[in-house]
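Please read them with the structure open.

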Amino acid sequence: MTEITFVSPDGTRYPVEAADGASAMQAAIRHDIPGIDADCGGACACATCHVYVDAAFVGSLPGPEVMEEDMLDFAYDVRPNSRLSCQIRIAPELAGLVLHVPTRQG
């Protein structure tokens, strides 16, 4: 298990224990993180698990695949650090990862 933190738009922090190998979206759903809808269940077929990767961790993640980049076109307020949390795989080296939830999902 690896601890990651989701931050809501109002600044509320939600630290969670995420299973290694699971996606950040799965951890968010398992812990009822507000603002992560995950309508497609993690199939990278919607943009309702959109998050902003904290600047301190952007370099710790591999870049998005083409499919994810295409789906981000449907997300609200996309930024350079936007990712779909269903595409972020949890691993011990991501301990402390901080993901910010946007004000709304696409």
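1. Where is the place of Cys 44? Cys 44 lies in the loop between α1 and β3, where helices (H or I, at least four residues) and strands (E, at least two) are DSSP runs, numbered from the N terminus. Cys 44 has a positive phi of about 55° although it is not a glycine, and at 4% relative accessibility Cys 44 counts as buried, a word that means under 20% relative accessible area, with exposed over 50% and partly exposed in between (1.4 Å probe, protein chains only).

2. On the basis of these notes: this is a predicted model, in which local features need pLDDT of at least 70 and side-chain atom pairs count only at pLDDT 80 or more, while totals for chains, interfaces and linings use all residues. Residues are numbered from 1 along each chain as its sequence is written, and side-chain values use heavy atoms, with hydrogens and water left out.

3. A positive phi is also found at Asp 77, at about 50°, although Asp 77 is not a glycine. Most residues other than glycine have a negative phi. Asp 77 is placed in the loop between α2 (66–72) and β4, and Asp 77 is partly exposed, with a relative accessible area of 35%.

4. The strands form an open sheet of 5 strands in the order β2-β1-β5-β3-β4, with mixed pairing; two strands pair if DSSP finds at least two bridges between them. The edge strands are β2 (13–18) and β4 (82–84), each of which pairs on one side only. Neighbouring strands of this sheet are turned by 35° against each other on average, direction ignored, with axes taken as lines fitted to C-alpha atoms (for helices over the stretch in contact) and angles running from 0 to 180 degrees between N-to-C directions.

5. Strand β1 (residues 2–7) is mostly covered, with 5 of its 6 residues buried. β1 pairs with β2 in the antiparallel sense over 6 bridges; within this pairing, Ile 4 has Val 16 in β2 as its bridge partner, and Glu 3 stands opposite Glu 17 in β2. The two strands form a hairpin with 5 residues between them, and Gly 11 in the turn has a positive phi of about 95°.

6. β1 also pairs with β5, here in the parallel sense over 3 bridges, and Val 7 has His 100 in β5 as its bridge partner. Strand β5 (residues 98–100) in turn pairs with strand β3 (residues 50–53) in the antiparallel sense over 2 bridges, where His 100 is the bridge partner of Tyr 52. Arg 79 lies over the face of Tyr 52, at 4.0 Å from the ring centre; for a charge to sit over a ring, NZ of Lys or CZ of Arg must be within 6 Å of the ring centre and within 35 degrees of the ring normal.

7. His 50, in strand β3, is buried, with a relative accessible area of 0%. The side chain of His 50 makes a polar contact with the side chain of Ser 82 at 2.8 Å, a polar contact being a pair of N or O atoms within 3.5 Å, of which, within protein, one must be able to donate a hydrogen and the other to accept it, with residues adjacent in sequence counting only if both atoms are side-chain atoms.

8. Leaving aside neighbours within four places in sequence, the residues in contact with Arg 83 (heavy atoms within 4.5 Å) include Cys 49, His 50, Val 51, Leu 61, Glu 68 and Ile 88.

9. Ile 36 is found in the loop between α1 (24–30) and β3 and counts as buried at 5% relative accessibility. With neighbours within four places in sequence left aside, the contacts of Ile 36 include Met 25, Ile 29, His 50, Ser 85 and Val 101. Ile 36 and Val 53 are 17 residues apart in sequence and 14 Å apart in space, C-alpha to C-alpha.
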